[in-house]
Amino acid sequence: MLTSIWEIRPEQKIEHPAPFPIELPTRCIYSILDGKPGNVIDPYAGSGTTLVAAKLLGCNYLGIEIAEGYVRMARERLRNYEKEWTKVQAELENHKVRKTFKQRKKEGLSVGKFANRKKAEEGKQKRLWEGIEKR
Ligand SMILES: C[S@@+](CC[C@H](N)C(=O)[O-])C[C@H]1O[C@@H](n2cnc3c(N)ncnc32)[C@H](O)[C@@H]1O
């Protein structure tokens, strides 16, 4: 579920000093374009994360990058873009609304600062018991 605070793990496998985790541009592009294809421009493309996200989301993309080595890296990632689908797909799952805010609050589920602490505690207890009963 998405809230106004985004917690995304840093990217550690890409050989660039400051790569985005692919979840970040995926979330921005998907949210801004409302899931529809559009045009994405990244004027500081680096290793091409935003471009890969755009490609996987069916968008047109244009990257600008000053360092030749990173241009090569971005091109390589774009050639193998399917490899990054799993992460993008997992991020898209976060955009599905399974319960409304009202339902979540009523059931004591996560609603950030609007949490009903008493309900949340009851909900936690209930889920704990359900877990124990299932065993
Ligand atoms: C923070 S990194 C972007 C990282 C990128 N989001 C990724 O996921 O890999 C910024 C990039 O901008 C590039 N850059 C800096 N000045 C630039 C300029 N004037 N024109 C184009 N690219 C530039 C750097 O070489 C660097 O790769």
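Which residues have the most contacts inside the largest nonpolar core? They are Leu51, Ala53 and Ala54, in a core of 16 residues. A nonpolar core here is a set of buried Ala, Val, Leu, Ile, Met, Phe, Trp, Tyr and Cys residues joined through C-beta atoms within 7 Å; buried means that 20 or more other C-beta atoms, placed from the backbone, lie within 10 Å of a residue's own. Helix H2 (49–56) and helix H3 (68–79) are the elements that give two or more residues to this core, and H2 gives the most, with 5 residues.

The model is predicted: local features need pLDDT of at least 70, side-chain atom pairs count only at pLDDT 80 or more, and totals for chains, interfaces and linings use all residues. Residues are numbered from 1 along each chain as its sequence is written.

Leaving aside residues up to four places away in sequence, Ala53 touches Ile22, Pro25, Thr26, Ile29 and Val88, where contact means C-beta atoms, placed from the backbone, within 7 Å. Pro25, Thr26 and Ile29 are among the buried residues of H1, together with Glu23 and Arg27. The cover over the buried residues of H1 includes strand S1 (39–42), H2 and H4.

Helix H1 (residues 23–32) packs on helix H4 (residues 85–93) at an angle of about 50°, with axes 9 Å apart. Just after H1, Asp34 takes a positive phi of about 55°.

Terms used
Buried ≥ 20, exposed ≤ 12 C-beta atoms within 10 Å, placed from the backbone. Helix = DSSP H or I, 4+ residues; strand = E, 2+ residues; numbered from the N terminus. Contact = placed C-beta atoms within 7 Å. Axes fitted to C-alpha atoms, helices over the stretch in contact; angles between N-to-C directions.
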